[in-house]
Amino acid sequence: MRKPVWRAVLLAAFALFIFGAAARADEPLRWAADGTANVPFTFHDPAEESHMVGFEYDIMQEIGRRLGREVQFTQNDWDGLIPGLQRGFYDMVADGIEMTPEHVEALDFSRPYYMTTERIVVRRDQAGLDSFERLGGHTVGTIKDTLAERMLRTRPDVTLRSYDEESNAFSDLRNSRLDAVLLDGPIALYYGEADPDFRIVGPPIGHLAYGIAFRKGANQELRHRVDEALQAMIADGALHRILARWNLWTPEMADWTGDRSVPNIVPTEWEHYLASTAPARGWTARFYRYVSFLPLIGRGALLTLMVSGCAMVLAVGMGLALALTRRYGPSWLAALATLYVEIVRGTPLLIQILFIFYGLPSIGIRLSPFVAGVIGLGMNYAAYEAENYRAGLQSVARGQMEAATALNMTHLQALRYVVVPQAFRVVVPVMTNDFISLLKDSSLVSIITLTELSQTYVRLSSTYFDYFGPGLMVGAAYLLLGLPFVRLAKLAERRLAVSERRGGRH
Amino acid sequence: MVVFFIMSFVGCLRLPETHPSYDDREIAGPVETGPAFCVETVLRAESICKSFDSHKVLRNVSLTVERGELVSIIGPSGCGKSTFLRCLNFLEIPDSGTVTIADDSIRRNEGPWRSSDEAQAHQLRAHVGMVFQSFNLFPHRTVLDNVMLAPRVVKHVAPSVIESEARELLAKVGLEAAALRYPATLSGGQQQRAAIARALAMRPDVMLYDEPTSALDPRVAEEVLEVMRALDREGMTQIVVTHDMRFARAASDRIVFMESGEIIEIADPDEMYLNPKDSRTREFLGASL
Ligand SMILES: Nc1ncnc2c1ncn2[C@@H]1O[C@H](COP(=O)(O)OP(=O)(O)OP(=O)(O)O)[C@@H](O)[C@H]1O
Ligand SMILES: [Mg+2]
């Protein structure tokens, strides 16, 4: 029973690996954004989760159409976007990146495709916070690395809170942990104005431009063609039409493009978004919405299971090798194994995973996110397993090895038939615990673009502003995944107890 | 070679009775057995030296044992008895000296222990069984599995053959009823007898015992000693490190007295007890009687 399951998991992992490699071969236009709850830039259509939408997504599609190339979107965590660009995982990043002097220094940019301002959002009943000056003495939230953050930094009288996810900022605003939020216009519109609890107040603040980012010095040719496409889209009104559909055409855009026409365009995307995120009224609506989450959660659970399963196999095999090396290997090899264990246990898993995915390409080792995740988790847990196994091996009396040697077993035979099986019984309870925590730690691979369970939760909850239902569902999924290991631990303990007692009943 | 022959001859004179063989197949080995009435040297240790760090534990220890003999090694605590015994099957690697058992020989000369040496030791260990003071049975396997394990994985004998042999051996040590029990459920005496059966399953030429009864109370110890006497009657060659003077005197063909890493005296039991040649032997026996 056990074997075929493992084989299926390995096969699936392999397929994923191959698929990743094959996709690279036919050279589509590759661009990346953090599509997790990144409304209205690039995000999963709340009405149809497998569908990517967003005004930047539409702009990129249009550029691809004009360049006659297939467009391939790559999901990546915000913090990984630029490192991934520099590693050449994709050619472009379009994710509301401001063309600040610092950014222009580090990256090449296309011409701007969007101009906007910062806006203040408050709770609907809140009065008096309607200008930048009047924020003084209040707690204000924003997104890190934005113009708004830099502006608020200059205001010692404002208590500043910087967030990674806009949805978290708004949920704190809702819970009165914040008095106001200062954010880029599109975010203020889609999270603030779209929500009956909030409103945008006061005049626009500051000025900012978004551009498509390219790796510094690379892809000049592509950058020029993208610029030409953008220029053409401005000239023939295509950009205007896209932005109007998203209700995002601004006076700043009109000033910049000189396009003062008012095309007769219904903001269909904006309305679609309003309709699909409207809070589900009544229990049945809520129930159906939760049911509609199930395939997504199932997919996340499958990925979590595959990553964890493969990582466990790696951790057990490598951990055993390390432990045996440390106890029985030649001294220089044992020292190396010790060094490995100390390094891995002394550094955070998060750093290790980021290093393997983004760092190793510097020395020519490029791994797919899945393989990098498995290796990161597996190699990390191998160090802990090694310590566990070493303690197990140490718990086996020296005389056992001697007795086996005196019976003319080779070293390996003695380990295999005598020492390891005895160490195993000591090790099993700890090991099953480790497996359960590995399952939970697998959530860390979400930072290298894998949409596993926890990432699914982030996405669902921030799309629907509902942290409760999806939280319970995802939590239940984790428990369900861990259940086999809890059962396994019980079973193993019972079997060991039986084998120790069995003789006594004769 | 000449010395060896003379020594064997002297041995012949001293021990004129030939023992019935434990196993006919093994007596037909390539070793030259000499005159028909004479016995065959099965183990020879020459000038074994062993130090732990700078502490010299064995100094030029030499011993020759003939097939079918039961040799006891006695001596004060810490004199190197265990170390010597463990050098015979290379659980401890001697610094220098030669160990010859049946037709395999390993010569040590201070050098490092290489994997080719380990391969030789593997050959040599095939002739030797060992029984420990603390039994060292494999606790995760039944008594029967303990006995069957090594023949199965080392010699690759067919399981059906191994099992019938193992059950015979267990019967011989009086444990046929305990075959399917786990070691933890046996008394110390039963465990030690199981350990003897386990060692015998590899069909050794020589059995080594390191204080086989020291962990047992006297009544239980007697069960184990009885098994050893029975093996002696069958012609098994046995070397026993022991503090049990009564057993040493009654059952041994020869007794070796060691002190401070040296063999002081080798003699027949009665001769050693009644007429020890060395004052240190006399002192030790006087103290322990
Ligand atoms: N592995 C080892 N490392 C260091 N010293 C050792 C080691 N094994 C034995 N010795 C030392 O070698 C000496 C001889 O030990 P050995 O065990 O051979 O004595 P023994 O005659 O068997 O004593 P006993 O009758 O107490 O069993 C002792 O001083 C002991 O401390
Ligand atoms: Mg000893």
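Which residues of chain A does UniProt list for "transmembrane region"? The unreviewed UniProt entry gives residues 301-325, 332-360 and 467-486 of chain A. Keep in mind that what you are looking at is a predicted model.

**View 1**
Start with residues 332-360 of chain A, one of the spans that the unreviewed UniProt entry lists under "transmembrane region". This span is 90% helix and 0% strand, and its end C-alpha atoms sit 26 Å apart. Now hop along to residues 467-486 of chain A, also on the UniProt list. Here the chain is 90% helix and 0% strand, with 27 Å between the end C-alpha atoms.

Five names to look for here are Trp332(A), Leu333(A), Leu336(A), Leu339(A) and Ile343(A). Together they make a nonpolar surface patch of about 520 Å². To get your bearings, find Leu339(A), which belongs to helix α13 of chain A, residues 331-346.

**View 1. The shell around ligand 1.**

**View 2. Polar contacts with ligand 1.**
A polar side-chain atom of Thr83(B) is 2.4 Å from one ligand oxygen. For Ser82(B), the distance from a side-chain N or O atom to an oxygen of ligand 1 is 2.6 Å. His243(B) brings a polar side-chain atom to 3.2 Å from a ligand oxygen. Taken by itself, ligand 1 would expose 620 Å², and the protein buries 60% of that.

**View 3. A salt bridge across chain A.**
Arg150(A) and Glu98(A) pair up in a salt bridge, with their closest N and O atoms 2.9 Å apart. The two partners are 52 residues apart and link distant parts of the chain. Arg150(A) is in helix α5, while Glu98(A) is in the loop between β5 (92-93) and α4 (101-106). Over all chains, the count comes to 36 salt bridges.

**View 4. Two backbone details in loops of chain A.**
Is the peptide bond from Val39(A) to Pro40(A) cis or trans? It's cis, with omega near -5 degrees. You'll find Pro40(A) in the loop between β1 (29-33) and β2 (43-44). The other detail is at Asp145(A), a residue other than glycine with a positive phi, near 60 degrees. Asp145(A) is in the loop that runs between β7 (139-143) and α5 (147-153).

Note on methods: Residues numbered from 1 in each chain as written. Chains lettered and ligands numbered in written order. Predicted model: local features only at pLDDT ≥ 70, side-chain atom pairs only at ≥ 80, totals over all residues. Heavy atoms only, no water. Patch = residues over 30% accessible without salt bridge, like charges linked within 9 Å, V, L, I, M, F, W, Y side chains within 5 Å. Areas by Shrake-Rupley, 256 points an atom, 1.4 Å probe, with all protein chains shown as cover. Salt bridge = Lys/Arg side-chain N within 4 Å of Asp/Glu carboxyl O. Helix = DSSP H or I, 4+ residues; strand = E, 2+ residues; numbered from the N terminus. Polar contact = N/O pair within 3.5 Å; in protein donor to acceptor, adjacent residues only side chain to side chain. UniProt positions renumbered as here; feature names shortened; annotations may be inferred.
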